[in-house]
Amino acid sequence: MRLVSLRHLQPGMKLGRTVFTEDGKVLLGTGMLLTERLISGLERTGVDSVYIDDPRTNDIVVEEVIRPQTRQVAVEAIEKTIKQITNSNKLARKISLKEMGLHFQRAFSSILDDLMQNKQMVGHLTTISSHSPSLYHHSVNVAVLATAVGMSLGYNRTQLINLGVGAMLHDIGKVSLPEELLQKTERWTDEEKEIAKQHTMLGFNLLRKQHDISLMSAHVCLQHHERLNGSGYPQGLSGKQIHEFAQIVGLCDIYDSLTSPRPWRKRYMPQDAVEYLLGAGGTLFEHHLVNAFIKHIAIFPIGSSVVLNTGEVGVVSRVDPDYSHRPTVRVLKDGRGNDVPSPYDLDLKANIRLFIVSFEDDDLFNVNSLDESSTSS
């Protein structure tokens, strides 16, 4: 299995992993043969890459951190809640969300159970991306990342549930923002950004009224844009004034936002996002939280196509958690761009003169420099 950008998809290729719509429904199933029509349909969904089966990489298994059915249940929970809030707003009615907390606790418990059963993978997440930029999938991704960090910090199940539910609902306040702002496909203006900042307080005011959602989960929603040095919002909190749960969700939010495509920009490379977070340690987030997070990220995810300094092109086949920057690469093309008759694996840990210089599908990635404005989600 290998990850291929839509630009490189060809009719006759076979999907290696299910593609979901933004609301969690199955769009294309595993094993489906792609046609021109299906490829065109993928382009319209905002998906920029998919996994395909390839005889040369069939033994490369890109395991999913959570099961597809677990993701679907979680996405549907978020979708249902968002629709309820949207309908209440349109009808100018008081929002009534009975058993909202219980609903999300059940959805998150499935995520947590999957992660607890797969602790080896949680030790180093290679990929959680649904390759969909939607709010639904972003919320689930952030919940998975945040839970992995919480597990590494030794949180108990109650703490993990409060953290995870807060992560799933961290952006719920965006539903109460003006519809034209949410549908805009260009970058927000400074004035629009100020309006968008209201989502933290809007979400907090919604969640704190739900008797079955903990105040800690509500504070994740309120504080996930606060920063250690006081530069965040909505209250400009600093240091220990910011709940640790909110800091964890804040840095996971930034990472998933940067490594996902947006209508106005391509995704950033994982190593660029990691470098940004490393630089943010001690300034925007506590050092120990950044370090705990980075331990779970593979800079070069399994299944991704990469280019070596020799010009050879291959697919990442294995990642050693202790040496994530030097994975094992299945070489498919030589330095001249010709297919290799018999693909072979190169362990970059054992070949110190070899290193990865880029991803083959560099058209997927944003090459602009990262700063605080790049992280707005």
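The legends below describe close-up views of a predicted model.

Local features need pLDDT of at least 70 and side-chain atom pairs count only at pLDDT 80 or more, while totals for chains, interfaces and linings use all residues. Residues are numbered from 1 along each chain as its sequence is written, and side-chain values use heavy atoms, with hydrogens and water left out.

**View A. An open five-stranded sheet.** The strand order is β9-β8-β7-β6-β10, with antiparallel pairing. Strands are DSSP runs (E, at least two residues), numbered from the N terminus, as are helices (H or I, at least four residues). Two strands pair if DSSP finds at least two bridges between them. β9 (339-347) and β10 (356-359) are the edge strands, each pairing on one side only. From one strand to the next, the twist averages 35° (axes are lines fitted to C-alpha atoms; angles run from 0 to 180 degrees between N-to-C directions).

**View B. The β8-β9 pairing.** Strand β8 (residues 328-333) runs antiparallel to β9, joined by five bridges. Val329 faces Leu346 of β9.

**View C. The Arg2-Asp54 salt bridge.** The two side chains meet at 2.7 Å, N to O (salt bridge: a side-chain nitrogen of Lys or Arg within 4 Å of a carboxyl oxygen of Asp or Glu). Arg2 lies in strand β1 (residues 2-5), Asp54 in the loop between β5 (49-53) and α2 (68-90), 52 residues apart. Arg2 is buried at 13% relative accessibility, and Asp54 is buried at 7% (buried: under 20% relative accessible area; exposed: over 50%; partly exposed: in between; 1.4 Å probe, protein chains only).

**View D. The network around Asp54.** Asp54 also forms a salt bridge with Arg56 (2.9 Å, N to O). Arg56 is partly exposed, at 28%. Shared partners join Arg2, Asp54, Arg56 and Asp339 into one salt-bridge network.
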